[in-house]
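This report looks at a pocket, a pair of packed helices and a salt bridge. Please keep the sequence and the structure in view while reading.

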Amino acid sequence: AISTGFDNLDKIFDGGLYPGLYFIGANSSLGKTTLILQIADFIARAGRGVLIFSLEMSRSELIAKSLSRMSLLKSLENYGNQKYAKTTRGILIGEYNDIESELISQSLREYAEVGQNLYISEGIGDVGIREITNQIKQYTDIKGIPPVVVIDYIQILSPYDLKMTDKQNVDRNVLELKRLSRDFQIPVIGISSFNRENYKTPVSMASFKESGAIEYSSDVLLGAQYDGWDYQ
């Protein structure tokens, strides 16, 4: 198993990530990408390659997210508080005082260890199963071992067939991702949006948008929701 970097999550997964298809879903802006990015960073730092297909955020935004997290940890470690941590937007703007600059420099040096094994492919509407398959094959040919794959997010993958409906395309893309996890013997992690009618109800399989293939083809479904949320 490949450790996620979270002991409690590894315990639930019987040791970590295995070859198979994983999905995480949650309401909008609840932290799906942030969580999976932290797992990806941990895996990359441990020496395993990770391919992230980012269909919504730019490469610079994802890197800034990681640096923001690292700056928080370093502010707590060095100063005992989070005063000098920078938000993702704060990092992208690039206005730092001397202490913040030093924390960002430390974070960049640490991120270099992650960056050796982390590959971010960005695209909007032009990344589909064929492109993902080709990049996995190319990576495997060069490195000799296939990467862990992250798709952010599944509903905006390029249509498999323009003649299909949106639901048919999502179903087909999910089935193809399942095939990739089997053929390359790798964990494939897909981030999924939720149906709007499920925003104010407890997470269930039906919460996952276009849930048919996601529900039946995935090996693990993760649903995130606010702790103690009063759904009534």
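Which element gives the largest share of the lining of the largest pocket? Helix H2 does, with three residues. The model is a predicted one.

The largest pocket holds about 330 Å³ of space. Its lining is made up of 18 residues, and those nearest the centre are Ser 28, Ser 29, Lys 32, Thr 33 and Glu 56. Two or more lining residues come from helix H2 (32-45) and likewise from strand S5 (187-192). By type, the lining has seven nonpolar, seven polar and four charged residues.

Helix H2 also packs against helix H5 (residues 98-115), at an angle of about 75° and with the axes 7 Å apart. H2 is therefore roughly perpendicular to H5. The residues that make this contact are listed by helix below.

| Helix | Residues in the contact |
|---|---|
| H2 | Asp 41, Ala 44, Arg 45 |
| H5 | Glu 110, Tyr 111, Glu 113, Val 114 |

Of the residues in the contact of H2 with H5, three are nonpolar, none is polar and four are charged.

Arg 69 lies in helix H3 (residues 59-79) and Asp 41 in helix H2, so the pair ties together parts that are 28 residues apart in sequence. Side chains of opposite charge can pair when their charged atoms come close. In total, the structure holds ten salt bridges.

Notes. Residues numbered from 1 in each chain as written. Predicted model: local features only at pLDDT ≥ 70, side-chain atom pairs only at ≥ 80, totals over all residues. Heavy atoms only, no water. 1 Å grid on protein atoms, 1.4 Å probe; cavity = no way out; pocket = protein on both sides within 12 Å on 5 of 7 lines; lining within 4 Å. Points joined across faces, edges and corners; volume = space filled by probe spheres on them. Helix = DSSP H or I, 4+ residues; strand = E, 2+ residues; numbered from the N terminus. Nonpolar A, V, L, I, M, F, W, Y, C, P; charged D, E, K, R; others polar. Axes fitted to C-alpha atoms, helices over the stretch in contact; angles between N-to-C directions. Parallel < 35°, antiparallel > 145°, perpendicular 65-115°, else oblique. Contact = heavy atoms within 4.5 Å. Salt bridge = Lys/Arg side-chain N within 4 Å of Asp/Glu carboxyl O.
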